[in-house]
Every structure is written in structure tokens, then in C-alpha cells.
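Here is a short report on one protein chain. Start with the surface, then turn to the fold and the aromatic rings.

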Amino acid sequence: FKDVKVENHFPWQRLHWKSLETAYRTSPYFEYYEDDLVRIFEKPYTYLLDVNIDTIETILACLLVNINFDKTSTYEAQPEAVKDYRYLSSAKKEVNVTMEPYHQIFSDKHGFIKNLSVLDLLFHEGPNTLDYLNNVSIGMINL
């Protein structure tokens, strides 16, 4: 995974940032987090792992959460002595998430849309995002 390179032959960062601006510019907290987030979309990257780590660190900083993490040097199928949350991103397993609706700027047209992204939550809930996430119930659906 550490050797996967980013495709930089088209302006993917500029396109993603413009999409976020278009969708969220009028949300209550976009401007509050804009300066921190735009750096991810302006910094040149060679490796996808660097994009992912910078993104995680930026989101954690926006949430005012201090989590120390390290890269592993080998893959562990069943890691011991650490919490393993990889199942949350598995496309093969369905995750049951119970979320209370929060105000979204487009809810008048589409109703509340859950599971969009942490950015959607951050732009709408701002400093309340962490409290909101602490009240979300996550469970696995047995398939």
C-alpha cells in the first residue's frame, strides 16, 4: 500500500476542492475549517498513503482529537494489543449505523442523508461534531 502512487496527470485536487466548495460553501462551518482543509488540496503528493495520513491528521486536528498512530511495517490479519477498526471500511461487510439527523443545507430538497462523510458533519455541526460522533451507534450486520 505504501508504494501506491497518486495519479497527478489531471488536476484531481483542484476538482475535489471545487466540489467541496460548491456543495458546502454556504454551510455554517465551512469557512471555519476551510484554511485547514484546503492545504490537502494544494500540497503536491506522490504517494496515496501520504494523502491519507495528511487527511486523517487534518480531520483529527479539526475535531480537536489527539490520537497517536503509527504505520506498520507488516500486514497483520488479526492484530493483537490494538483496536482494529478496518471492518468499518470493508465493502464486503455491511455496517449498521444509527445516526440522529442533523441540519444539512440541502435537507429541504433531499431530506436528511446519513453516512455522507465526516466533512459533511464537520461543515454542518462544527465544534459539536465530536459530541455527535460519540453518540453514534455502530454495529455489524451479520450476513
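## Surface and burial

Of the 143 residues in the protein chain, 28% are buried (under 20% relative accessible area; over 50% is exposed, and partly exposed lies in between).

This is a predicted model: local features need pLDDT of at least 70, side-chain atom pairs count only at pLDDT 80 or more, and totals for chains, interfaces and linings use all residues. Residues are numbered from 1 along each chain as its sequence is written, and side-chain values use heavy atoms, with hydrogens and water left out.

## Fold

The protein chain has 6 helices and 2 strands. Their order from the N terminus is α-α-α-β-α-α-α-β. Helices (H or I, at least four residues) and strands (E, at least two) are DSSP runs, numbered from the N terminus.

## Aromatic rings

The whole structure holds 8 aromatic pairs. Rings of Phe, Tyr and Trp (its six-membered ring) pair if their centres lie within 6.5 Å; planes under 30 degrees apart count as stacked, over 60 as edge-to-face and the rest as tilted.

Trp17 and Phe30 have ring centres 5.6 Å apart and planes at 35°, so this pair is tilted. Trp17 lies in helix 1 (residues 12–24) and Phe30 in helix 2 (residues 30–42), so the pair ties together parts 13 residues apart in sequence. Both Trp17 and Phe30 are buried.

Trp17 also pairs with Phe41: centres 5.3 Å apart, planes at 40°, so tilted. That pair links helix 1 to helix 2 across 24 residues. Phe41 is buried at 18% relative accessibility. Ring pairs join Trp17, Tyr24, Phe30, Phe41 and Phe123 into a cluster.

Terms used
Buried < 20%, exposed > 50% of the residue type's maximum accessible area, 1.4 Å probe, protein only.
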